[in-house]
Amino acid sequence: MQVNLVNENSVIIYFSDTVCAETTDEITYACQLFRSELNDTLSDIVPSYTSILLSCNLRKTGLQNFVINVRRVLNQLGNVGLTNLVRNKIVLPVYYGQEVALDHRDVSLHTGLAFSEIVKLHTEECYRVFAIGFTPGFAFLGNTPKQMTIPRKASPRLNVPKGSVAIADRQTAIYPSQSPGGWQVIGRTPIDLLDDSEECLSKFAMGDEVRFESIDKQTFLAMGGQL
Amino acid sequence: MALDIVQAGPLSLLQDLGRYGYQDVGVTPGGAMDTHAFHWANKLLNNPANAAQIEITMGPFKACFKQATSFALCGADVVATLNGNKIIPWSSWFAKAGDILEIGYPRQGLRSYLAVSGGFFCPKTFGSVSTVMRNKLGGLSKKGSKVANGDIIPFIAKVQPHTCKVPQQFIPEYKSVINIGVLTTYQFHQFSTEAKKTFFNELYTVTSEIDRMGYRLKGKPIEFAQQSFVSEGIALGAIQIPANGQPIILMRDRQTIGGYPKMGCVCNRDLNILAQATPGTQIRFFEQDLYEAEAELHQEQHYFFKGKNDRDY
């Protein structure tokens, strides 16, 4: 694998041309290795669908040395494979009621499926975190079942409520905070995805396994959900 | 022991050098837009390199020192006064308790950096003071709010034995045509020869759509055949070319991942110049050697971080 220079303190590595669970596994494990091997020379790491952007702390290392060490970790990765990969599993309760599934009509109309069928499809699948970005803790989860594929909204909403569960193309995501957004909203989770505690800001990490579990309105409200 | 904000101006933010280690969960690093000016302001006061300052975008700004302290002002070319007496930027000064500091609208440049001896005392959110309004992180409230009229920003009063001035050769001039060095990385080599020629030969103008996230430029469109890309990590200074061919340069508050093709990155040195550029400024891009740029940044960091107080950053 090639280590490509990006700027004075950053390099990018491309793992594959295709977005899939195998690539995600490889990237997730590479991130674990980079963190443990590069220590304080690493200032930031940005994994995404098929690549990892790594930035070094120039007060601890030079770019050339950093590249050598990144290569060393990549070789190590090639030797050990994915045997030590740790994969977090998350089950997220979601209320799919019509008052929070803001786009239930459009989704049914576009897919030709009853909304109950959409809920069934959405909860049956096991998703992987392919990337995190857009806003803090916004995890891009894939893949949604083919039958429920739908493009983004033609004009984005100015305010998507916090906790909204939405779909677009073959992906699904949860809005961790209220923000503008163009994805089709099909439900809402009562769980807070952002944590103010210093250790973990986001509930999700790259590579996590995520499932959705349908809950009723009472449970949603009892868990602190807001309508 | 505090600075009382009388008039905060349109956009004044508490900043340090940024929040690192959280980009993997989508948190932008943020931090001072012009690190050259920021570094000098702390250096003049013998502060730790990462000591918090107020980044004043445009102005006017007015504040009252409740305690005697040394302070420094670097960055934009502004008319500033202390109790009505003119003071010049890129210098440190001494303020008595009750002194009023006023900073006017810049004649050239966009951002001023106000530092006090020891730095402003502000709680850190995820390891940094940096205010990112979009992410609701940092600043005095820890919730990303900008400095407001009536804010009381604490510091530990400390008077330096003397005042200092930045040597003339390190004080940049903010010109109406600027040369910006580009590291030809990312998808640069996938652009056509024609597109590269356009990029380096044409002048691009800074539009009014500029913020801490990105600078949108206007000029001859740069063509790129492939428009849909798999999103990837965005480094500081990345030059995105969206479908309309008009470059967007990504700054400190940039999003962490994105799917536009990129011409490479603006080098760190020239990002500081760009951070001071106002709408209408014209840009000429040139190719910058990456390892030369790295050596320069390395040297700069070595100079500004050698203090004994820099261990915690």
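Domain bounds come from an automatic or database domain assignment. All views show a predicted model.

**View 1. The two domains of chain B.** The assignment divides chain B into domain 1 (2–173) and domain 2 (177–301). Their C-alpha centres lie 27 Å apart. Contact between the domains involves 27 residues of domain 1 of chain B and 21 residues of domain 2 of chain B. About 1700 Å² is buried between them, with 47% of it on carbon and sulfur atoms. Met33(B), Leu110(B) and Arg134(B) supply 32% of the area that domain 1 of chain B buries against domain 2 of chain B, more than any other three residues.

**View 2. Polar contacts and elements at the domain interface of chain B.** Between domain 1 of chain B and domain 2 of chain B there are 13 residue pairs in polar contact, both at pLDDT 80 or more. On the domain 1 side, two or more residues each come from β2 (11–15), α1 (35–44), β5 (69–77) and β10 (108–116) of chain B. The largest share, 4 residues, belongs to β10(B). By class, that side has 11 nonpolar, 12 polar and 4 charged residues.

View 3. Glu55(B) sits in strand β3 (residues 53–57) of chain B. Glu55(B) counts as buried because its relative accessibility is 0%, where the cut-off is under 20%. Its side chain meets that of Arg212(B) in a salt bridge (2.7 Å, N to O). The rule finds 1 salt bridge across the interface of the two domains of chain B. The side chain of Glu55(B) also reaches the backbone nitrogen of Met33(B) at 2.9 Å. Leaving aside neighbours within four places in sequence, the contacts of Glu55(B) include Leu11(B), Leu13(B), Gln15(B), Ala32(B), Arg111(B) and Tyr113(B).

**View 4. The interface of chain B and chain A.** In this contact, chain B takes part with 43 residues and chain A with 41 residues. The buried area is about 3300 Å², and carbon and sulfur atoms give 59% of it. On the chain B side, Asp24(B), Val25(B) and Phe126(B) lose the most area to chain A, together 19% of what that side buries.

**View 5. Asp24(B) and the polar contacts between the chains.** The side chain of Asp24(B) forms a salt bridge with that of Arg35(A) (2.6 Å, N to O). Across the interface of chain B and chain A, 1 salt bridge is found, along with 15 residue pairs in polar contact, both at pLDDT 80 or more. Elements giving two or more residues to the chain B side are β15 (232–233), α3 (268–274) and α4 (290–304) of chain B. Of these, α4(B) gives the most, with 7 residues. The chain B side has 20 nonpolar, 14 polar and 9 charged residues.

Note on methods: Residues numbered from 1 in each chain as written. Chains lettered and ligands numbered in written order. Predicted model: local features only at pLDDT ≥ 70, side-chain atom pairs only at ≥ 80, totals over all residues. Heavy atoms only, no water. Buried < 20%, exposed > 50% of the residue type's maximum accessible area, 1.4 Å probe, protein only. Polar contact = N/O pair within 3.5 Å; in protein donor to acceptor, adjacent residues only side chain to side chain. Contact = heavy atoms within 4.5 Å. Buried area = accessible area lost by both parts, 1.4 Å probe. Salt bridge = Lys/Arg side-chain N within 4 Å of Asp/Glu carboxyl O. Nonpolar A, V, L, I, M, F, W, Y, C, P; charged D, E, K, R; others polar.
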